[in-house]
Amino acid sequence: RTKVAILMVSPHFLASEFIQEHELSVLLKESERGGLRIIWVPVAACSYKETSLQNYQAVVPPEKPLAGMTPSARNTAWVEICGEIKTALQKI
């Protein structure tokens, strides 16, 4: 019943069989139908291009994940992430 999904994407997230089979596939299908907005955040460098997430806009550039940012840049990114979440929730 959710309208917004926030995905914190890391190598562990992508490697999780449970997430791939039971969570991500359901979320992606619902997003394709237009019933769900996916907000994904690249936490660490990962092979997202090998997944359907490559078709979705990340909140911060995937080539500059949170783990690789300076503390100041990471704080700025969190403000942007929170803004995206707030905007998405206001559209529900």
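Colleague: Which residue of β2 stands opposite methionine 8?

Modeller: That residue is valine 41. Keep in mind that this is a predicted model, where local features need pLDDT of at least 70, side-chain atom pairs count only at pLDDT 80 or more, and totals for chains, interfaces and linings use all residues. Residues are numbered from 1 along each chain as its sequence is written, and side-chain values use heavy atoms, with hydrogens and water left out.

Colleague: How do you know that strand β1 and β2 pair?

Modeller: Two strands pair if DSSP finds at least two bridges between them. Strand β1 (residues 4-9) and β2 have six bridges, in the parallel sense, so they count as paired.

Colleague: What makes a stretch of chain a helix or a strand?

Modeller: Both are DSSP runs, numbered from the N terminus: a helix is H or I with at least four residues, and a strand is E with at least two. By that rule the protein chain has three helices and two strands. From the N terminus on, their order is β-α-α-β-α.

Colleague: Why is β2 called largely enclosed?

Modeller: Buried means under 20% relative accessible area, exposed means over 50%, and partly exposed lies in between (1.4 Å probe, protein chains only). Five of the six residues of β2 are buried, so the rest of the structure largely encloses this strand.

Colleague: How do you know whether isoleucine 19 is buried or exposed?

Modeller: Isoleucine 19, in helix α2, has 16% relative accessibility and therefore counts as buried. Alanine 15 sits in helix α1, and with 63% relative accessibility alanine 15 is exposed.

Colleague: What makes two residues a contact?

Modeller: Their heavy atoms must lie within 4.5 Å. Leaving aside neighbours within four places in sequence, isoleucine 19 is in contact with Phe13, Leu24 and Ser25. Counted in that way, phenylalanine 13 has contacts with Leu7, Met8, Ile19, Gln20, Leu24 and Leu53.

Colleague: What makes a group of residues a nonpolar core?

Modeller: The members are buried Ala, Val, Leu, Ile, Met, Phe, Trp, Tyr and Cys residues joined through side-chain atoms within 4.5 Å. The largest core here has 16 residues, and Leu7, Val9, Phe13, Leu24, Ile38, Trp40 and Leu53 touch the most other members. Two or more residues come from each of β1, α1 (11-15), α2 (17-32) and β2. Helix α2 gives the largest share, four residues. A second, separate core has 11 residues, including Val4, Val59, Leu66 and Ala77. As a general background, nonpolar side chains in soluble globular proteins tend to be buried together.

Colleague: Where is proline 65 found?

Modeller: Proline 65 is in the loop between β2 (37-42) and α3 (71-90). Because its relative accessible area is 9%, proline 65 is called buried. Apart from neighbours within four places in sequence, proline 65 is in contact with Pro42, Val43, Ala44 and Ala45.

Colleague: Which residues does isoleucine 85 touch, not counting residues up to four places away in sequence?

Modeller: Isoleucine 85 belongs to helix α3, and its partners are Ile6 and Ile39.

Colleague: How do you know that cysteine 46 is in no disulfide?

Modeller: A disulfide is a pair of cysteine sulfur atoms within 2.5 Å, and a search of the whole structure finds zero disulfides. For cysteine 46, the nearest cysteine sulfur is that of cysteine 82, 20 Å away. Cysteine 46 is partly exposed because its relative accessible area is 21%. Cysteine 82, at 47%, is partly exposed too.

Colleague: Why does the radius of gyration of the protein chain agree with a compact globule?

Modeller: The radius is taken over C-alpha atoms, and the globule rule is 2.2 Å times the number of residues to the power 0.38. With 92 residues, that rule gives a value near 12 Å; the protein chain has 13 Å, so the two agree. Along its principal axes the C-alpha trace spans about 35 × 30 × 20 Å.
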